Amino acid sequence: MSLMESLKWRSAVRNFDLAKKVSKNDLESLLEAGNLTATSMGLQPFKIVVVDNEELQKQMVSLSYNQQQVADASHILIFAIDTNVNQENIDAYIDRVVEVRGVKEEDLEGYKNSVSNYLSMMDQDTKLQWATKQAYIALGTVMTVASELKIDSCAMEGFDSLQYQELLNLGSKELMPVVILPIGYRSDKEQMASLPKVRKTRDNFVIEINESEPVEFK
Ligand SMILES: Cc1cc2nc3c(=O)[nH]c(=O)nc-3n(C[C@H](O)[C@H](O)[C@H](O)COP(=O)(O)O)c2cc1C
């Protein structure tokens, strides 16, 4: 199946087959895809927490507006942002560049300073929003790769972030869940997936600015 066909096949699945588990290999591919995602300045200010635990997943239902898919899915991927992005993150990134690319730390001094300056201009709220945007890029990448692997998923914002943080003891790691992705395989009960996709028409979605359709200045 082409990537475009996979994107058309993908649907937000709410009815997962309890008996079907995503293989370790496929799970690793999804996590690697999340890790390969581009992020602002390369800082990756989030982690993916993998939950594969029947008991915890059952408890998550009531923390997710009673959405049953969190209990039935094979795994729950939780995209959790760093709540304390600071100089340590930048230093860790620089150390990693040195390790992976074998470059000298002093050669990265200019880049390090520009990243520090950029982050220092953000207040805490802005930093959390910035980190959340990065996590959502990874969410999109993981969903796309999942569709290529014919793994179903359902992006979810409908959950209580603070209660998830508490349940999974993520506060101690300075992490805050922002969006979650149950993954697995659709059950026979899933009906939405076979319905045509509802999307804007192209004309209502794309605005073209070029020589033949220039911007109209007032
Ligand atoms: C960021 C995000 C959050 C979402 N939150 C939920 C959710 O909490 N519960 C749910 O059932 N679906 C959720 N959805 C699924 C959307 O409702 C669904 O993607 C949309 O209706 C389009 O349908 P499709 O994905 O099947 O094409 C979410 C989707 C995204 C991208």
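How far does helix H2 (residues 24-36) reach from its first C-alpha to its last? The span is 18 Å over 13 residues, close to the 18 Å expected at 1.5 Å a residue. Expected span here is 1.5 Å times one less than the number of residues. Helices (H or I, at least four residues) and strands (E, at least two) are DSSP runs, numbered from the N terminus.

Some ground rules. This is a predicted model: local features need pLDDT of at least 70, side-chain atom pairs count only at pLDDT 80 or more, and totals for chains, interfaces and linings use all residues. Residues are numbered from 1 along each chain as its sequence is written, and side-chain values use heavy atoms, with hydrogens and water left out.

Back to H2. Its buried residues are Leu27, Leu30, Leu31, Ala33 and Gly34. They cover an arc of only 155° around the axis, so they sit on the same side of H2. That arc is taken from the directions from the helix axis to the C-beta atoms. Buried means under 20% relative accessible area, exposed over 50%, partly exposed in between (1.4 Å probe, protein chains only). The face turned away carries exposed Lys24, Asn25, Asn35 and Leu36.

What does the buried side pack against? Strand E1, strand E2 (75-82), helix H7 (124-148) and strand E4 (175-184). Contact means heavy atoms within 4.5 Å.

Now take Val50, in strand E1 (residues 46-51). Val50 touches Leu27, Leu31, His75, Ile76 and Leu77, leaving aside residues up to four places away in sequence. Val50 is partly exposed, because its relative accessibility is 34%.
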